[in-house]
Amino acid sequence: MRFLNRSAGRLSRHRRTPLAGALVLVLGLLFTGGLYSAFSPGASAGETNTTAEDIQSGKELFINGCSFCHGQNGEGVLTASGDQYGPPLADVGAASVDFQVGTGRMPLVQPGQQAERKPPVYNEEETLQLAAYVDSLGTGPAIPDESNYTLPETNEDGTAFDKEAAISRGGQIFLTNCTACHNFDGQGGAMPRGGYAPTLRGVEPKYVYEALLTGPQSMPSFSNGNLAPDQKRDVIAYLEATDEQPSYGGFGLGSLGPVSEGIFAWIIGIGGLVGFAVWIAAHTTRSTRSKTSTAVDHGDLA
Amino acid sequence: MAATPKKPAKVGAVANWADERLGLGGAMKKNLRKVFPDHWSFMLGEIALWSFVVLLLTGVFLTLWFDPSMAEIEYQGSFDPLRGVEMSRSMASTLNISFDVRGGLLMRQMHHWAASIFIASMMIHMMRVYFTGAFRKPRELNWVIGCLLLLLGTLEGFTGYSLPDDLLSGTGVRAADGFLKATPVVGSYMSFFLFGGEFPGDSIIPRLYTIHILLIPGLLLGLIAAHMLLLVYHKHTQWPGPGRTEENVVGFPMLPVYAAKAGGFFFIVFGATAVMGGLLTINPVWKFGPYDPTKVTAGSQPDWYMGWPDGLLRIIPGWESTIFGEPISWNIMIPILIVPPLMLVILMLLPFIEAWITGDKREHHLLERPRNAPTRTAVMVSLMTFYGLAWAAGGNDLIAIRLDLSINQITYFMRVAIFLGPALAFYITRRWCISLQRHDENKLLHGYETGVIMRSPEGGYSERHLPISENAAYTLTARDREQAWTPSQKVDENGVAAPGGRLDGIRSKLSTLMYADNVQKPTAAELEEAHHHAEHEHALTAALDGHSADGHQFDGHHAVEGENLRGDH
Amino acid sequence: MSIQPDKPSGEVAKVSDPLPDPGLPAHTWRPTDVDEGLAKRAERQVAGFFAASAVFTVLFFVSYFVFKVGDDWDVTGGLGASTVALGLTLGLALLCIGVGIIQWARKLMTDQEIMEMRHPARSSDEDREASLAALNVGLEESGIARRPLIRNSLFGAIGVIALAPIVLLRDLGPTPSQVENEEEGLGLEHTIWKAGKRVVRDVVGTPIRAADLQIGDLVNAVPDGMFQLEGTELQVQKAKAAVIVVRMEPEEIVPGPGREDWSVEGIVCYSKICTHVGCPISLYERTTHHVLCPCHQSTFDLADSAKVVFGPAARELPQLPLSVDDEGFLVAQSDFTEPVGPSYWGRGQ
């Protein structure tokens, strides 16, 4: 009879444990970690038939929105101590503007911090006008055409293009040049002093191409003299191919490597098994009734 | 058991046949109904044992397809993005197991999850044994065997996850090469002997394979057998309680209850591993690609159990000194070659250090609650804090990116915390345990808090305390009364202390320190005094003692006739 | 009872003070013990678990044959169907057996706790004496104490033969000095870089024209001829000769003493192998010219001879002196002037 109340006490204690909360959290992590938003190729932005009006409207937008940091004519602004407040834009080119403004990184919320991807402030037309204006200030890479970052169907001689080989080649280039910062699955990684390499998942191919071309923020550039256009195209093809790849082994745990695996081994593995152990050893409900005779003879081993 | 007339004929015949050849009757008589106490924390070691069995089973499956060779081939399997890439046969066969063998990826993932759980469960089992004092005489040697199992398990894990020769594990092997080279005098020789020449060579994977599937599993099996034999010989420890003494062991017999619970738990561990292997990706080598010394990925980390030396490796400043014109790499030696072996030695010596300090040479079969050994508990929490901080440092890049922090600041913080944290944890844990002891003492002397607030005629409020049950009181007092070790005053005729005097002094001081602030259980006189006081109090409030008004019958401390909370079942 | 210092061993601790041991509480019965109907229900429940297990095992077989792997995986909800289905069915089949057995034990097996007495770990005094006597007789009969010559020479022989395995393991690998002079580029102190060797892009193997690189570019590169190597040789050389090439404004470079002409128009080249434990390192920030190691976060300043600015590395990355050949391609002026990678004993000579 004593057992009855004791087990009741236990039950209520269990209800109060934070285990349930942790479990919910873990399940949440599991699902968010495994799901990624579908990848939609960006709209084509190859048409760069810029007109004088485009440049003029771009200039007006620029003076209103950008000149505070980058100067009236994109010459850059220095702080009192001689550091760059906003860098000069004479030779950054249209690709850079399209990337920075199109991904919402520019305008910056606050100078000095790392530019984050956020909803763009300017619409597509305004972005192109800004790009046209900045492009007119000097030299610099143009906005890539869709053919730059999509695998062709045929080679120049008309034979079928070996897409699989291109993807495989792109994977090797990716693992050599990109994974060091962006992680083996393009999930991003930490950089010195609070900086980070952003995720590549869900980034439109055009922006990947522009980022490679121009090296935004701290990222080194992979100009055409460094990484040939075809190689950039192959990297993008690899990223797209792996994006569509199923998660063969179940949920991906965020593709962060052994750290997240270790956390899951402890929380789900050990947590779950200890839960089972508690259940196995827990006292079962007791009855107030008693049995008059025992059927089994318990050998006394004392 | 030899055939008895009671047994059914068939069983009897088999038993007779076996006993006439093996003489099992004698051993079975003692062991078939051997008693094992029941408590959830006694099953943590079982998780380790069963996950080891899962490792053996899944491991054998993997060996059927795995090819531990570093010969380069061009991958032509069914995983498109790597087709045409040069890789070692071990990587190619790992991809083959993952993509072309049905259930192969499941077995790989089960093997890897089971390995993580194997080592994690060994650690929590070890914590349980330490925190409850189960390592004390006569079980010190089993503690040492357990420490060796933990070491071997870790090495087994490292050799295992290096086998696929993928980019991530290859980076780990390369770091291991750096560790070997940092060994003074013989470092580069050790590296050349292990790798069969210059890193990476073509020998390391086959060699690790032999170590992984033969050498270490053999040692593990032997030590596990010794561990279990000693467990059976010593009989399991038990929690103190009514009828549970140092001289007996109370629990369920091996056959049938314990065998069923242990056997059932095996299936549960196996099943849980299978569910994890099926649902959660672990070590997706196809994403890393084959090892290539020029490639690397962000978030290059070892498996979790190697994470803490890796963390130390991350937070150590760039210390290197020169001796005889040769470099001494403190920035590698301290985190890898000095601290982890030292930690293992400290772990193995803990039972002996404690026994020396306390001077206690008795056998102990009753467990102690962590609160009743505040210093011991605090020592382990302090070691765990050190481990945990080093472990967190091993994931500093992921902490930085997830929590928007700077790697540099985390590193600076860890450099300080790794020293302050354990000291702070020691202090807090010790005081915490002592306050819990005070709480227990209060319960013994003044009863438990009923939650019933009484208003006195004068208008003051007080909470009503009621005495705890006889069994609960006994359980609380069923522990040692501690006394600090003092050297026997042996002084010769000239007044000179006997040899060993200085060491005795240290020992005596440590012993005092260990027990100084502990709350000892009340003496019979103190209990008497307190109960007398309580009765007096009780008499004053007796008039208010209506039945079922104060609700204390549902607090789990008292059984109440005829009032059931949950019905009969 | 209090602990007496140095109590004789073998004695067990006493805890029944100040309260006497009330003894084991009386056994209470479970509902299934006293109610045959409930026991039957529990029996059906346990059998139900076992039956469910068999069903899951059948589903496991079905999954094995139904879900395709290889070239054309079946996918459900973005996950590999075969792995998930096999894992879930196998796992549930096993869990059902486990849970069924545990329920059987908890609800139906007799749950009366029984007691067994302990015995001290030590053996009895008689046994000890008998063992000791036997040991002494044995040793006496062997004469090992009386004939120290035999004893000592045996120990000596065993001591010497114990070295045999160590000698046998000698051929695990060559010594560093044996490798050092064997062939060009072998050993800890050399790579296949040499004067006039072109710097080529990793993976694709194309040479790099200095004029093609822009400010801020990072190239992961290897020496020309790397991809003519195969197998182990390729891996060994890649592990030492990999470099990173970056271009910055020439005036930003602070050349080390004697390294004034090691860069070409702001293009500098450093070993990619971290000097801490040897991870490849290429997390480059074009704005600060810092490069970070992803393994242990050592940070080097490529504008200033790759000096360590943060982290556990103790030495700067070795720099490869660059120049251009007649066609304008980047070439090495020589091999590295110091061994690449982590420190090792013997590096100082």
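**Exercise 1. Find how many salt bridges there are over all chains, and examine one of them within chain B.**

*Solution.* Keep in mind that this is a predicted model. Begin with the total: over all chains, the rule gives 44 salt bridges. Side chains of opposite charge can pair when their charged atoms come close. Now pick out B:Arg314 and B:Asp310, which form a salt bridge with their closest N and O atoms 3.1 Å apart. That distance falls inside the cut-off, since a salt bridge needs the nitrogen within 4 Å of the carboxyl oxygen. Where do B:Arg314 and B:Asp310 sit relative to each other in chain B? They belong to helix H12 (residues 307-315) of chain B and are four residues apart, so about one helical turn separates them.

**Exercise 2. Describe the contact between chain C and chain A.**

Step two is the area. The size of an interface is often given as the accessible area lost when the parts come together. Here about 4300 Å² is buried between chain C and chain A, and carbon and sulfur atoms give 59% of that.

Step three is to look for pairs. Two salt bridges are found across this interface. A salt bridge joins the side chains of A:Arg286 and C:Asp111, with 2.7 Å from N to O. Between chain C and chain A there are also 24 residue pairs in polar contact, both residues being at pLDDT 80 or more.

Step four asks which elements of chain C take part. Those giving two or more residues to the side that touches chain A include helix H1 (31-34), helix H3 (81-108) and strand E5 (218-223) of chain C. H3(C) gives the most, with seven residues.

Last, sort this side of chain C by class: 24 residues are nonpolar, 16 polar and twelve charged.

**Exercise 3. Locate the largest cavity and say what lines it.**

*Solution.* Rolling a probe the size of a water molecule over the atoms shows where empty space is left. The count is eleven cavities of 30 Å³ or more, and the largest has a volume of about 130 Å³. To finish, group the lining by class: six residues are nonpolar, one is polar and four are charged.

Technical notes. Residues numbered from 1 in each chain as written. Chains lettered and ligands numbered in written order. Predicted model: local features only at pLDDT ≥ 70, side-chain atom pairs only at ≥ 80, totals over all residues. Heavy atoms only, no water. Contact = heavy atoms within 4.5 Å. Buried area = accessible area lost by both parts, 1.4 Å probe. Polar contact = N/O pair within 3.5 Å; in protein donor to acceptor, adjacent residues only side chain to side chain. Nonpolar A, V, L, I, M, F, W, Y, C, P; charged D, E, K, R; others polar. 1 Å grid on protein atoms, 1.4 Å probe; cavity = no way out; pocket = protein on both sides within 12 Å on 5 of 7 lines; lining within 4 Å. Points joined across faces, edges and corners; volume = space filled by probe spheres on them.
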